[in-house]
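This report considers nonpolar cores, a ligand shell, a chain interface and salt bridges, in that order. Please read it alongside the sequence and the model shown here.

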Amino acid sequence: MIAQEQKPMEEILGYLEGKQKVVVMGCGGCATFYHTGDKKAVNEMAEKLEKEGKEVLTKIVMPLGMQACETEKCSIFLQKNRSAVENCDAIMVMSCGDGVQVVTEYTDEEMGIAKEVYPVNDPLGLVGGGPTKFKETCQSCGMCELGKTAGVCPLTSCGKGLMNGPCGGVREGDKCEIDPDKDCAWVKIYKRMEKLGKLDAFEQMNDPHEWSKMKRPRLFELEKPMGMMDMMGAMMNLNTISGYMSMMFAKPPAEEEEAKKE
Amino acid sequence: MTDEVYSDLMREFKEGKYVFTGELEPEKAGNVNEPIEMAKELLGLVVACNVTDNPQSFAYVSSLAASYKIQKETGMECVYQLRCSDRNRMALLSDVLGAGTLGIKNILALAGDHVSLGDTPDAKPVFDLDSTTLIHMIRKMVDEGKDLGGNEIADPPKLHVGGAAAPGAAHLKAEVGKVQRKINAGVEYLQTQVVYYTDVLDKFFNELGETDVPILVGIFPARTFGQADFFDKYVAGVDVPPDYLESMRATKQIKDKEKKKEEVDRVNIEFFTKFLEHLKGTPAAGCHMMAVGYPRIIAPLKKVME
Ligand code: SF4
Ligand code: SF4
């Protein structure tokens, strides 16, 4: 998922200088997950803007599963609020940059309404982990190298994106030169290769990464889009239900330890 | 290593001489007058001088321009330090061709510190190549007359490429594995990060095992307490011994300038004589003296190795 956090209010208000009427729009995808585009976040943002003297023409809340970055879904909500979109001075989108741009493109090119569209959030990358701590582990480089590096991404997990072993700056405790809070990816790769009995490979040079696989903007075409039935089928699964149930009843790790002691 | 010898530095390695190199630092200025003056003082004391490339990611005069000017105006052979932090593979290739054109005979290929550590932290870090692939590229250019994509180079550059090693790395085995990659990629000599502890060095040589690649050990006799303290605090992978630091700190109290100089020299000569005596029993091929702005210390230290 795409992690994100809200921009400082100062920056948001800076965009709105001299503008009065705004539309605040959320996103039912990652932004809902990270509390930066869900119903509560949209309401709070609208309130803050009103306190600053702005007039919020409408709040567009997209429920979970309705992502701002998918034109088909996004368009339903924009069309429903057409008059607010037409009459506002700016649309504030609480999603990642994808969502903001889908809104920009759709309103301009499909609805024929050229409006100023501003980002409320700063996206922080493709992350894995959770439930509270996440880590950026992949930058979708288009040519995955994980098979050469024991499953640790050298381009993303290494602060310098090096392809051939640790730099000279690894800190005490195998931490990264750039940030002592982060682990050195290359020491991690070494330790993984050691466990897998593949240390011989650690001394072999990897070729430079093929950045030609990342000619931006990358376009991507799906032969067959995911239909409603496919989606229902994918979600209505006993394993999904049991998965959510066990997440619901799982104790936080600390409590589990306590329970074991008792 | 190829059999070709393009530089005095490589000639001394081949002849089995105990090699001494120095270091010059271009600054944030529109000229390289200071390093030129330093180079003049180092002539005859060292066979070549490294010319630093944006050290610690502080942006200074281009190392290539500085290397060329210093070499031309003083006759000091330069080791052009080249970092991957600031250039993609095209720019690196252009600069290596440029170096050949300008008569540079040695390149030290480095990954480089991350830009966020220096004085231009908002710069986009590049790291398109790393030190190993840069070494590989340079060897391919020189030996095969081809670039990374296999395109022909007319009149390929004639120069040697060295690489760095960090004996004090937090994870020595991973560091040595990376050094092996550089050796496999064809590095022609290695220069270590500054070392103060002989046991750190011994462990490194032990872990590395036998190699034909000559290794220069980096030492840093500090001219002031501040320099030593900076290394201890800010340079990754380098610990300065507390005794040495204390002796250097004590020199700050001396009011008389000449006496202070004498005492600084005495502290350095005492500490490094022991270190260099130890070096005689290691596979080191020589010493890289990172004594920036402190040329008077080199002669007495060289004497230890005679
Ligand atoms: S190499 Fe890294 S950035 Fe590229 S696809 Fe694999 S995990 Fe993602
Ligand atoms: S310390 Fe490790 S993770 Fe950090 S930049 Fe160096 S090699 Fe990469």
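## Nonpolar cores

A nonpolar core is a set of buried Ala, Val, Leu, Ile, Met, Phe, Trp, Tyr and Cys residues joined through side-chain atoms within 4.5 Å. The model described here is predicted. Its largest nonpolar core has 101 residues. The residues with the most contacts inside this core are B:I70, B:L134, B:V217, B:I219, B:Y244 and B:L279.

One of these, B:L279, is in contact with B:Y18, B:L201, B:V217, B:A284, B:C287 and B:M305, once its neighbours within four places in sequence are left aside. Another core, of 22 residues, lies apart from the largest one; among its members are A:V23, A:A68, A:C74 and A:F77. In soluble globular proteins, nonpolar side chains tend to be buried together.

Which residues are around ligand 1? They are A:T137, A:C138, A:Q139, A:S140, A:C141, A:C144, A:E145, A:L146, A:C153 and A:T156. By class, the shell around ligand 1 divides into 5 nonpolar, 4 polar and 1 charged.

## Interface of chain A and chain B

The size of an interface is often given as the accessible area lost when the parts come together. Between chain A and chain B the buried area is about 2400 Å², with carbon and sulfur atoms giving 59% of that area. On the chain A side, A:E203, A:M205 and A:P208 lose the most area to chain B; together they account for 23% of what that side buries.

In terms of contacts, 31 residues of chain A meet 28 residues of chain B. Across this interface, 11 residue pairs are in polar contact, with both residues at pLDDT 80 or more. The count of salt bridges between chain A and chain B is 0.

## Salt bridges

Over all chains, the whole structure holds 31 salt bridges. Side chains of opposite charge can pair when their charged atoms come close. In chain B, the side chains of B:R83 and B:D86 form a salt bridge with an N to O distance of 2.9 Å. B:R83 is buried, because its relative accessible area of 3% falls under 20%. B:D86, with a relative accessible area of 30%, is partly exposed.

A further salt bridge joins B:D95 to B:R87, with the closest N and O atoms 2.9 Å apart. Is B:R87 buried or exposed? B:R87 is buried, at a relative accessible area of 14%, whereas B:D95 counts as partly exposed at 22% relative accessibility. B:E263 and B:R266 also form a salt bridge, their closest N and O atoms being 2.9 Å apart.

Conventions. Residues numbered from 1 in each chain as written. Chains lettered and ligands numbered in written order. Predicted model: local features only at pLDDT ≥ 70, side-chain atom pairs only at ≥ 80, totals over all residues. Heavy atoms only, no water. Buried < 20%, exposed > 50% of the residue type's maximum accessible area, 1.4 Å probe, protein only. Contact = heavy atoms within 4.5 Å. Near = heavy atom within 4 Å. Nonpolar A, V, L, I, M, F, W, Y, C, P; charged D, E, K, R; others polar. Buried area = accessible area lost by both parts, 1.4 Å probe. Salt bridge = Lys/Arg side-chain N within 4 Å of Asp/Glu carboxyl O. Polar contact = N/O pair within 3.5 Å; in protein donor to acceptor, adjacent residues only side chain to side chain.
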